[in-house]
Amino acid sequence: MARKIGSRYTVHQVIGRGSAGTVWLGEGPDGPVAVKLLREDLATDQVLVGRFVQERSALTGLDHPRVVGVHDMVVDGDDLALVMDLVRGTDLRTRLEREGVLSPLHATSIIADVADGLAAAHAAGIVHRDVKPENVLLDLAAPPGVGGSPRAKLTDFGIARLVDAPRRTRATRIIGTPDYLAPEIIEGLEPRAAVDIYALATVLYELLVGHTPFGGGHTGAVLRRHVTENVPPVAGMPDGLWRIISECLAKAPASRLRAAELGTRLREQLPVLAGLPPLAVPAQRGPADEVPSPAEAVYAETDTGGGAHRRRRGPAVPLVPAPSPDSTRDTHTSLRRPSAQELASYAAESRAQRSATAPVTSHRRRKLVRRRRMAAVLIAVVLLLAGAAAAWTAFAAEAPAGAARALPGAAPAVTGPPV
Ligand SMILES: Nc1ncnc2c1ncn2[C@@H]1O[C@H](COP(=O)(O)OP(=O)(O)OP(=O)(O)O)[C@@H](O)[C@H]1O
């Protein structure tokens, strides 16, 4: 059902849902658009509406081919809407969940695109603060890039900042998605451009390996890992990519690459990555299966966050639009910031736990393995049934007429020509 948004836009159909609102397919004076209608509780929050108006020129001024442009921001009664470029394709989360891991070439090319978009935003003084696969849209209507890689655009600029808590509550609460949070955010520092680099390197790792470097399990455990752990090298990861990922996951924000440099360094890798197959990643230590330490369990009780592995998949506009499934996954999660003491105790307990934890697969990888196992069992059952049917047919054809009928409880005999 069509609905008017302000005086210039009409929306027709829901194409995705996120934690901050619903994205609609719409029409504006210059053609089709995507309209993100913010959640009612956000739209009626006067502080947020004020910030929305304040941020208008910064967000609508960001014009770059690797960024989903915001054309307009509409405040109309209880509606608060962002009018954006319509991207015909899918989001990176959906692609990743479908493929498990991406080839090094495609992963690197996609992340280089996003780094270029970030470079433009950072130059304009805008920090994204919620870089993750859900916020990378793959434009399948655009001509592909190197080696057929889909072209990527970063979306959702400034939303995290809009819904962020005021400065005074930042000391106690974190806005973001746990798997991608830079350590300095967890420690309560003001998020600067380097947080986006950390998150983007996390996404690159995830595309290559199939899971994030510090994700899985309890939110408290995830936060602790960001602050205290280093990522162990991954077998088979091309050296050049590994060096870039390690630099960008540095705990000290100043040691990370800048976005423009990251884009350039990634593109330099493309020629050597051409033709490499996706990494055959062995079973990893599975943080998803870590038993929360007592300190983390305490954190759990007061945690209002969404949990690290509640993923929501929302397709971007497919080439032929179709309604996307409903979703309940929270992101832009508001988490209680753990105290320094809690973080320290997570670290101590983590060391003890690590030695006791057997290698297991990550949550998503296990899901994939489970699915494959189920498919194998199904195929085996089908083959078995087909074999039995063939044997039965052969038996019935060879047996004297009536023999099968004579068997107690046997199926009606297949009558064939007399032998
Ligand atoms: N400009 C756009 N063009 C086409 N589809 C879009 C566009 N923006 C968002 N979408 C689709 O709508 C879905 C929901 O987007 P939204 O930005 O609300 O949530 P999200 O980024 O996935 O999650 P969250 O807001 O919780 O971080 C996306 O996954 C994407 O599939």
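Is His122 buried or exposed? In this predicted model, His122 is buried, because its relative accessible area of 19% falls under the 20% cut-off.

**Around His122**

His122 belongs to helix α4, which spans residues 104-123. Its side chain makes a polar contact of 2.8 Å with the side chain of Asp196. Leaving aside residues up to four places away in sequence, His122 touches Val127, Ala193, Asp196, Ile197 and Ala259.

**From Asp196 to a cavity**

Asp196, the polar partner of His122, is also one of the residues that line the second largest cavity. That cavity holds about 90 Å³ of space, and a search of the whole structure finds six cavities of 30 Å³ or more. Rolling a probe the size of a water molecule over the atoms shows where empty space is left.

Which residues line the second largest cavity? They are Arg129, Asp130, Val131, Gly176, Thr177, Tyr180, Leu181, Ala182, Ile185, Val195, Asp196 and Ala199. By class, this lining has seven nonpolar, two polar and three charged residues. Helix α8, made of residues 193-209, gives the most to the lining, with three residues.

| Helix | Residues | Buried residues |
|---|---|---|
| α3 | 92-99 | six of eight |
| α9 | 219-228 | nine of 10 |

Helix α9 is largely enclosed by the rest of the structure, because nine of its 10 residues are buried. The buried set in α9 is Thr219, Gly220, Ala221, Val222, Leu223, Arg224, Arg225, His226 and Val227.

Helix α3 is mostly covered, and its buried residues are Leu92, Arg93, Thr94, Arg95, Leu96 and Glu97. What caps the N-terminal end of α3? Asp91 does, with a side-chain oxygen 3.1 Å from the backbone nitrogen of Arg93. Just after α3, Gly100 takes a positive phi of about 80 degrees.

**The chain as a whole**

Stepping back, the protein chain has 15 helices and 11 strands. Of its 419 residues, 51% count as buried. The accessible surface of the chain comes to about 19000 Å², and carbon and sulfur atoms account for 60% of that surface. Among contacts with a separation of 6 or more, 70% are between residues 24 or more positions apart.

Terms used: Residues numbered from 1 in each chain as written. Heavy atoms only, no water. 1 Å grid on protein atoms, 1.4 Å probe; cavity = no way out; pocket = protein on both sides within 12 Å on 5 of 7 lines; lining within 4 Å. Points joined across faces, edges and corners; volume = space filled by probe spheres on them. Helix = DSSP H or I, 4+ residues; strand = E, 2+ residues; numbered from the N terminus. Nonpolar A, V, L, I, M, F, W, Y, C, P; charged D, E, K, R; others polar. Buried < 20%, exposed > 50% of the residue type's maximum accessible area, 1.4 Å probe, protein only. Contact = heavy atoms within 4.5 Å. Areas by Shrake-Rupley, 256 points an atom, 1.4 Å probe, with all protein chains shown as cover. Polar contact = N/O pair within 3.5 Å; in protein donor to acceptor, adjacent residues only side chain to side chain.
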